[in-house]
Amino acid sequence: MLLQMLLAVAVVGVTMAYPGGYDPVYPSEPLPYQFDYAVHDDYKGTNFGQKEKSDGKNVHGSYTVDLPDGRRQTVDYTADHYKGFVAKVSYEGQAKHPAQYGPPITFQHGGEGYH
């Protein structure tokens, strides 16, 4: 009985603290934001990044990545609740492929049951 009374007091206290249904964790309107990051590792050959900005209703951004064939891929995008996610993909540079490939990789199976 005491536990139920304490729980009821806690629920009333929380309700009084946030009148009008305001939820501090999940606001009713989307908030504006902006972020960007980049990773560049010469040792591993990794190079990519992203920038994104929102006014709370529309999102605008782009990301880039260096591809294994030597090109750089850039994706510019927008997103909203009417048109959805719209992307424009572009490439810089010329694709380069090895002139000669190594021997084919073969797998050998052993043991019984493999025929």
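The structure, a predicted model, holds four aromatic pairs, where rings of Phe, Tyr and Trp (its six-membered ring) pair if their centres lie within 6.5 Å. Planes under 30 degrees apart count as stacked, over 60 as edge-to-face and the rest as tilted. Because this is a predicted model, local features need pLDDT of at least 70 and side-chain atom pairs count only at pLDDT 80 or more, whereas totals for chains, interfaces and linings use all residues. Residues are numbered from 1 along each chain as its sequence is written, and side-chain values use heavy atoms, with hydrogens and water left out.

**Aromatic pairs**

- The rings of Tyr 33 and Phe 35 are stacked, because their centres are 6.3 Å apart and their planes stand at 15°.
- The rings of Tyr 37 and Phe 48 form an edge-to-face pair, since their centres are 6.4 Å apart and their planes stand at 75°.
- Tyr 37 lies in strand 1 and Phe 48 in strand 2 (residues 46-54), so this pair ties together parts that are 11 residues apart in sequence.
- Ring pairs also link Tyr 63, Tyr 77 and Phe 85 into a cluster.

**Nonpolar surface patch**

- Tyr 33, Phe 35, Tyr 37, Val 39 and Phe 48 make a nonpolar surface patch of about 400 Å².
- Such a patch consists of nonpolar side chains (Val, Leu, Ile, Met, Phe, Trp, Tyr) joined within 5 Å, from residues with over 30% relative accessible area and no salt bridge (a side-chain nitrogen of Lys or Arg within 4 Å of a carboxyl oxygen of Asp or Glu).
- Strand 1 (residues 33-41) gives the most to the patch, with four residues.
- Tyr 37 is partly exposed, with a relative accessible area of 38%; the term covers values between buried (under 20%) and exposed (over 50%), with a 1.4 Å probe and protein chains only.
- Phe 48 is likewise partly exposed, at 32%.

**Surroundings of Gln 73**

- Gln 73 belongs to strand 4 (residues 72-80) and is buried, with a relative accessible area of 18%.
- Its side chain is joined to that of Tyr 91 by a polar contact of 3.4 Å (a pair of N or O atoms within 3.5 Å; within protein, one must be able to donate a hydrogen and the other to accept it, and residues adjacent in sequence count only if both atoms are side-chain atoms).

**The chain as a whole**

- Of its 115 residues, 11% count as buried.

Technical notes:
Helix = DSSP H or I, 4+ residues; strand = E, 2+ residues; numbered from the N terminus. Patch = residues over 30% accessible without salt bridge, like charges linked within 9 Å, V, L, I, M, F, W, Y side chains within 5 Å. Areas by Shrake-Rupley, 256 points an atom, 1.4 Å probe, with all protein chains shown as cover.
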